[in-house]
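Let's take a friendly walk through a protein chain, one stop at a time. Have the picture ready and follow along as we go.

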Amino acid sequence: MLLLSDTAQCPTCLHVLDAERAAAFPIERQAAAMPPSRGEVACPACGEMVRRGLVRCWSCGSFMREEIAEVYEKLQETAPGYEF
């Protein structure tokens, strides 16, 4: 499985990569354990069906959850010129 560099917790096995960020955005075990055919949701930006638990849409790159997008924007304001 390929994970983005800003992934805090694996949506499949729930392995924690960054404990601080994972605590802020916990993944529900039930959603992660669902089979791919039933564990898909529509991207709020483009409508593409993506696996539940993804941080960003694989098709358009938009954040799947508004609160994550807000945190990302705040990080960008705090550290201009640094790519998270």
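Glu-20 has its place in helix 1. Helices here are DSSP runs of H or I with at least four residues, strands are runs of E with at least two, and both are numbered from the N terminus. With 70% relative accessibility, Glu-20 counts as exposed. That word means over 50% relative accessible area, while buried means under 20% and partly exposed covers what is in between, using a 1.4 Å probe and protein chains only.

Before we go on, a word on where the numbers come from. This is a predicted model, in which local features need pLDDT of at least 70 and side-chain atom pairs count only at pLDDT 80 or more, while totals for chains, interfaces and linings use all residues. Residues are numbered from 1 along each chain as its sequence is written, and side-chain values use heavy atoms, with hydrogens and water left out.

Now step back to the whole chain. Its secondary structure comes to 3 helices and 2 strands, and reading along the sequence gives the pattern α-α-β-β-α. The chain has 84 residues, and 24% of them count as buried. Its accessible surface is about 6,000 Å², with 54% belonging to carbon and sulfur atoms; such areas come from the Shrake-Rupley method with a 1.4 Å probe, and for residues only the protein chains shown count as cover. Among the contacts with a separation of 6 or more, 11% are between residues 24 or more positions apart. A contact here means heavy atoms within 4.5 Å.

Next, find Asp-6 in the segment before helix 1 (19–24). Is Asp-6 buried or exposed? Asp-6 counts as buried, at 15% relative accessibility. Leaving aside residues up to four places away in sequence, Asp-6 touches Arg-21, Arg-56 and Phe-63. The C-alpha atoms of Asp-6 and Tyr-72 are separated by 9.7 Å, although these two residues are 66 residues apart along the chain.

Tyr-72 takes us to helix 3 (residues 66–78). Which residues make up the largest nonpolar core? Tyr-72 is one of its 5 residues, together with Val-55, Phe-63, Ile-68 and Ala-69. A nonpolar core is a set of buried Ala, Val, Leu, Ile, Met, Phe, Trp, Tyr and Cys residues joined through side-chain atoms within 4.5 Å. In soluble globular proteins, nonpolar side chains tend to be buried together. Val-55 touches Ser-62, Phe-63, Met-64 and Ile-68, not counting residues up to four places away in sequence.

Look at the rings in this core. The structure has 1 aromatic pair. The rings of Phe-63 and Tyr-72 have centres 5.1 Å apart and planes at 45°, so this pair is tilted. By the rule, rings of Phe, Tyr and Trp (its six-membered ring) pair if their centres lie within 6.5 Å; planes under 30 degrees apart count as stacked, over 60 as edge-to-face and the rest as tilted. Phe-63 is buried at 16% relative accessibility, and Tyr-72 is buried at 15%. The charged end of Arg-56 sits over the ring of Tyr-72, 5.1 Å from its centre. That description requires NZ of Lys or CZ of Arg to be within 6 Å of the ring centre and within 35 degrees of the ring normal.

Strand 1 (residues 40–42) is our next stop, and Ala-42 lies in it. Ala-42 is partly exposed, with a relative accessible area of 43%. Apart from residues up to four places away in sequence, Ala-42 touches Gly-47, Glu-48, Met-49 and Met-64. Ala-42 and Met-64 are 22 residues apart in sequence and 8.8 Å apart in space, C-alpha to C-alpha.

Finally, how many disulfides does a search of the whole structure find? The search finds 0. A disulfide is a covalent bond between the sulfur atoms of two cysteines, and here it is counted when a pair of cysteine sulfur atoms lies within 2.5 Å. The sulfur of Cys-46 is 3.8 Å from its closest cysteine sulfur, in Cys-57, which is too far for a bond. Cys-46 is partly exposed at 38% relative accessibility, whereas Cys-57 is buried at 4%.
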